[in-house]
Amino acid sequence: MVDAALAQVGKNLNEAMRILGDGQMEPDAGTESRRFSRTSIPGPLQGEIQNVGEQGHMALLGHSLAAYISVLDRERLRKLTTRILSDTTLWLCRIFRYDNGSAYFHEDDRDGLVKVCRLAINARYEEYTTEGYAVLSSRQPVIYQSASCRPGLGQHLCNQLGLPLSSLCTVPCNTIFGSQHQMDVALLDKLIKEDTDAGKLPLLLIANAGTPEAGHTDKLSRLKELCDQHGIWLHVEGVNLATLALAQVTSAVMGATRSDSMTLTPGRWLGLPAVTAVTLYRHEDPALSLAAGLTSSQPVEKLRALPLWLSLQYLGHNGIVQKIRHAAALSQHLLLKLKSVTCIRTSVEDEQNSPVVLFKFSQESNAGGSGGSVDGLCVGEKEVLDTFNRWMGEQLAQLVPASGVDVVELEDEGTCVRFSPLLTAAVLGTQQEDVDEVVQKLLELVPMMSATMNLRQDFREETHRHAPSLTYIEELSWPGLGAVRYESQAEGADESRRKQEQKKINDALLTKLQELDTDIFFSTDPEFVTEENCIFVGMVTDDVDVSELVDTISTLGRDIEESGRLLENMTERVRKGILEAELQLQKANEEKLLEEGMLRQLPVVGSVLNWFSPVESSIKGRTFNLAAGSLDSTDVTYSTKVQAGRTSLQDIPTLSAKRLSGQRLFRRPGAGSDSMSETSSIGPADESSGVESFTMSPNIHPSMSMSQPETAEHAEAYVRPAGLLGNPEQVEAEEERQPEGQEEDLSGR
């Protein structure tokens, strides 16, 4: 197996080496191919080597090949690395419309921003090369970032550059006009002027072409004009930069092509494992780029681009565009489908071209629905909606893992579910069928969420009605009907013992509820809540009878508490009964000694006396009654052959109604498809079995002593079900089915 694997690796290496040694197109290639390579994409980036293997294997092969190339002689290594770096840079610049750009390949996607910021410092501070950080004290640099930027990005930048956090300025987003996720350009202009008047140097601006959470794009064209006016370096990053590879690009994203630098993550967009990020930048002084660390004179460092170089060769231009187009089409397909789902509100920047879709559950369009009151949702409504949306996102991610949906927290809109296929589709292999499945699951979850939201107030009121035995727990972070706790009614106990008793009762109550034949989810205290010894009720449907549910919780809790008290009382009774039994046994032994005499107690003499003159003892046995906690005589047992206190079979109560197969608890009559009539205790099987099935009812035992009927008619009336007695036609039909001689047998008894 090892030899076969090594042989396959060697074959792939030979093929890759052939490409490295001769990357030019075949001499006999068609005119159209040569023209396309000169005007669009250089070199062999046309997908000719798709027979090498899958794209992921190509990326992994690039790392192995980089280690192999690094041991070559210096001259050959220099030629190969120069070719790899120049080809990859030119391909990326032309694919993403960034003309005359240079590329820096880095593992950490934040490292490119650190390097271009160092480049900006070298360019704006002429004495920085000789004076170092001392020159910054005379005029403090200022770095501007949007409030919607990645968390911690600005702090990381200052830490890497050795700048104080006072050099970082966060620009708020629009709150009155425009998008709530776009940088406020007017306010930025004001901040820049204030910093300039204060003797500071506006250095760099970090803008977004697709914010990390919502996928919104800043006004890049206006920001570029502002940066040119004040001499500020403009850096752009974001997932929407991937759409630059498409034929049609929105004007908002197109503004990124004029920026001074931008960071790309093609590995995530194209599903390429272990591929570096790329920062494209423009600067005319190669010496400053070298001082900033954007370029290196070491050929080995240039091999970072090799995995991406091989992967781009494998995919080709058409393959790259197709993957990005497929991800954008998935977003548009989901956005179109969500418009038909009630109680789902979408939030996208551009409905025609946005590659990121945000949606959330909202009760606004269904506030007047039946099944409960929504007046009580004003207090904490936002927290409850966030909890429900968080649960919805987690359910969708679990039910449809190939969709790649996740949950995001937005400052203004709260919790939303995000679908960003540009970041997940290539890795997960998301298809249109997965998007349709997400919508289908939403159609199943939304009615349940809406019903639960409407019934939360009813559940609160019903719980308050059962006070003080039940206490409603206001837990806004629980995605369900609510939380309740059964309060122990024991008096006189200290606080510690009361809590122990309460925990024992609620644990037993939770077990009983989980064993019920219902599809409602009951849970114990989650990790994120502070209340203890509670029972949390999950999502429910609109046909749930909340009153019956709360009544059942209260009844089961009371039964468990009373059973516990009965057990404690029984334990005390047993202890006292044992002491009393010991005293009575001792007294019975003394009476036996007085009645029989001393001679009968001797082993030999007693046997002889008992032989000639038997003595009938007047001492009777005793039995201990657990229910009454007393010692009773066994005379009744010996006379009736039945233990005292045993309930006869005819005294056992029967259920007035039995739930039929498949029926769930806590359902209002006629509310759901599984709600069935419970007015009769005889199921369909009992009705079809006739007289025989009725005569074997548990209410009638064959050994029961009852008066025998005197006539055949009375016997027939006794064994026939009551439902047949009132219908003469059925009586006649029953008599016709009886075999001959049956009346004589009955009358003869």
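Reader: What makes Ile-121 count as buried?

Author: In this predicted model, Ile-121 has a relative accessibility of 2%, and since buried means under 20% relative accessible area, Ile-121 counts as buried. The residue is found in helix H5, which covers residues 111–124.

Reader: Which residues is Ile-121 in contact with, leaving aside its neighbours within four places in sequence?

Author: With those neighbours set aside, Ile-121 is in contact with Tyr-128, Leu-136, Leu-161 and Leu-203, where contact means heavy atoms within 4.5 Å. Leu-203 is 82 residues apart from Ile-121 in sequence, and yet the C-alpha atoms of the two are 7.4 Å apart in space.

Reader: Why are helices H9 and H10 called roughly parallel?

Author: Helix H9 (residues 185–197) and helix H10 (residues 220–230) pack at an angle of about 10°, and their axes are 11 Å apart. Angles under 35 degrees count as roughly parallel, and H9 and H10 are therefore described as roughly parallel to each other. On the side of H9 the contact is made by Val-185, Leu-188, Asp-189, Ile-192 and Lys-193, and on the side of H10 by Arg-222, Leu-223, Leu-226 and His-230.

Reader: How do you know that the span of helix H4 is close to the expected one?

Author: Helix H4 (residues 74–95) has 22 residues, and from its first C-alpha to its last it reaches 31 Å, which is close to the 32 Å expected at 1.5 Å a residue. The buried residues of H4 include Leu-77, Leu-80, Ile-84, Trp-91 and Leu-92, and also Asp-87.

Reader: What parts does the salt bridge of Glu-409 with Arg-390 tie together?

Author: The closest N and O atoms of Glu-409 and Arg-390 are 3.3 Å apart, which is within the 4 Å limit. Glu-409 lies in strand E10 (residues 406–410) and Arg-390 in helix H15 (residues 381–399), so the pair ties together parts that are 19 residues apart in sequence. Glu-409 has a relative accessible area of 45% and is partly exposed, and Arg-390, at 29%, also counts as partly exposed.

Reader: Why is Arg-418 called buried, and Asp-406 partly exposed?

Author: Arg-418 has 14% relative accessibility and counts as buried, while Asp-406 has a relative accessible area of 27% and is partly exposed; the limit that matters here is 20%. Their side chains meet in a salt bridge of 2.6 Å, N to O. Because Arg-418 lies in strand E11 (residues 414–419) and Asp-406 in strand E10, this pair ties together parts that are 12 residues apart in sequence.

Reader: How many salt bridges does the structure hold, in total?

Author: The structure holds 17 salt bridges. Asp-109, Arg-150 and Glu-237 are linked in a network of such bridges.

Reader: What makes the phi of Asn-100 and that of Cys-343 worth a remark?

Author: Most residues other than glycine have a negative phi. Asn-100 is not a glycine, although its phi is positive, about 55°, and likewise Cys-343, also not a glycine, has a positive phi of about 65°. Asn-100 lies in the loop between H4 and strand E1 (102–106), and at 76% relative accessibility it counts as exposed, the cut-off being over 50%. Cys-343 lies in the loop between helix H14 (306–338) and strand E8 (344–347), and with a relative accessible area of 7% Cys-343 is buried. Arg-97, which follows H4, has a positive phi as well, near 60°.

Reader: Is the peptide bond from Ala-467 to Pro-468 cis or trans?

Author: The bond is cis, with omega near 5°, whereas most peptide bonds are trans. Pro-468 lies in the loop between helix H17 (432–465) and strand E12 (470–473).

Conventions
Residues are numbered from 1 along each chain as its sequence is written. This is a predicted model: local features need pLDDT of at least 70, side-chain atom pairs count only at pLDDT 80 or more; totals for chains, interfaces and linings use all residues. Side-chain values use heavy atoms; hydrogens and water are left out. Axes are lines fitted to C-alpha atoms, for helices over the stretch in contact, and angles run from 0 to 180 degrees between N-to-C directions. Helices (H or I, at least four residues) and strands (E, at least two) are DSSP runs, numbered from the N terminus. Angles under 35 degrees count as roughly parallel, over 145 as roughly antiparallel, 65 to 115 as roughly perpendicular and the rest as oblique. The expected span of a helix is 1.5 Å times one less than its number of residues. Buried means under 20% relative accessible area, exposed over 50%, partly exposed in between (1.4 Å probe, protein chains only).
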